[in-house]
Amino acid sequence: MKAIAIVAACLAFCAPAAACGPQALGTARTLAIGPTAPLGLKSYPRTLALDDKELVLTFDDGPLPATTARILDALKAECVQATFFLIGRNAQANAALVRRAAKEGHTLGHHTFSHPAVTLRGWTTDKAEADIVHGMEADDTAAYGAWTGAPRTPFFRFPGFADTPRLNAALAAQGVTVFGADVWASDWEDMSADAQRALLLARIEKARKGVVLMHDTRAQTADMLPALLRDLKARGYRIVHVAPGAAPAPLAQASAGWRSETEAILARPHPR
Ligand SMILES: [Zn+2]
């Protein structure tokens, strides 16, 4: 009887996992993150302490119908959980996609409501703070049907990585962790899917680990993601899923000679 009960339970709950065999890339582990100092070597002299060949996959600016569904399909096919830093107005307009991402186990972080072209540095602190909170409210309302006054997932990424000391302090006071990135796809620049895949893979191979930034709003990224995930599997990379937790995340400090790349990128046509 016990065996029958286990089989019955498995039929009810094990089907998704059973579909993810050893051939899938999969999610190797979940890292619960409580309030932590701003992280990501592109902007800050510290990042998550990951093991060699561990990657955190993140996608900014969505959701958009034309591309986000394809990104979710690719992640689902490889049983991988990622983090989406949502633009509030896109979440509001495409709530079904937000709910799908939540249902499929992805982490839903925040990326302002309106993602101003001037970045938040172009606004007063009050106006910027209001847009950050408005975005969190729109994202959580789309995902969970309600806004409780505090974000369900207190993770935030600045548009264009353009933070300010006052905004960082305000977010820290609310227990919100600011995510930069360690590796970026530069998918704000137009290129073919093959070129995008080769560029990002080369950057990952150089860094060997870290928080990877892509955009789920970019067709070239949606086009190349299935093959990239197969590349990562073939080369022995493991995916770490970040999720809200209680304790600060373990951090690794930048090596000597570290420099932020944020100012240089902001001086050019900047990340969306
Ligand atoms: Zn963005």
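How many cavities of 30 Å³ or more does a search of the whole structure find? The search turns up two. Keep in mind as you look around that this is a predicted model.

Let's start with the largest cavity, which has a volume of about 50 Å³. Its lining is made up of Glu129, Ile132, Val133, Leu167, Ala170, Leu171 and Gln174. Sorted by class, that lining has five nonpolar residues, one polar and one charged. Helices H6 and H7 each supply at least two of the lining residues. As for how such a space is found, rolling a probe the size of a water molecule over the atoms shows where empty space is left.

H6 covers residues 125-144 and H7 covers residues 165-173; their axes sit 10 Å apart, and the two helices pack at an angle of about 40°. H6 and H7 are therefore oblique to each other, and their crossing is right-handed. On the H6 side, the contact uses Thr125, Ala128, Glu129, Ile132 and Met136, and these meet Arg166, Leu167, Ala170 and Leu171 in H7. Six of the residues in this contact are nonpolar, one is polar and two are charged.

Ala95, Val98, Arg99 and Ala102 are the H5 residues in the contact, and they meet Asp139, Ala142, Ala143 and Tyr144 in H6. By class, the H5 and H6 contact has six nonpolar residues, two charged ones and no polar ones.

The crossing of H8 past H9 is right-handed. From H8, Ala193, Gln196, Arg197, Leu200, Leu201 and Ile204 take part, meeting Gln220, Thr221, Asp223, Met224, Ala227, Leu228, Asp231 and Leu232 in H9. The tally for this contact is eight nonpolar, three polar and three charged residues.

Finally, a couple of backbone details are worth a look. Most residues other than glycine have a negative phi, and most peptide bonds are trans. Where does the model have a cis peptide bond? One joins Gly62 and Pro63, with omega at about 0°. You'll find Pro63 in the loop that runs between strand E3 (54-60) and helix H3 (65-77). Then there's His115, a residue other than glycine with a positive phi, near 45°. His115 sits in the loop between strand E5 (107-110) and H6, the helix that also meets H7 and H5.

Conventions
Residues numbered from 1 in each chain as written. Predicted model: local features only at pLDDT ≥ 70, side-chain atom pairs only at ≥ 80, totals over all residues. Heavy atoms only, no water. Axes fitted to C-alpha atoms, helices over the stretch in contact; angles between N-to-C directions. Helix = DSSP H or I, 4+ residues; strand = E, 2+ residues; numbered from the N terminus. Parallel < 35°, antiparallel > 145°, perpendicular 65-115°, else oblique. Left-handed = near helix turned anticlockwise from the far one by under 90°. Contact = heavy atoms within 4.5 Å. Nonpolar A, V, L, I, M, F, W, Y, C, P; charged D, E, K, R; others polar. 1 Å grid on protein atoms, 1.4 Å probe; cavity = no way out; pocket = protein on both sides within 12 Å on 5 of 7 lines; lining within 4 Å. Points joined across faces, edges and corners; volume = space filled by probe spheres on them.
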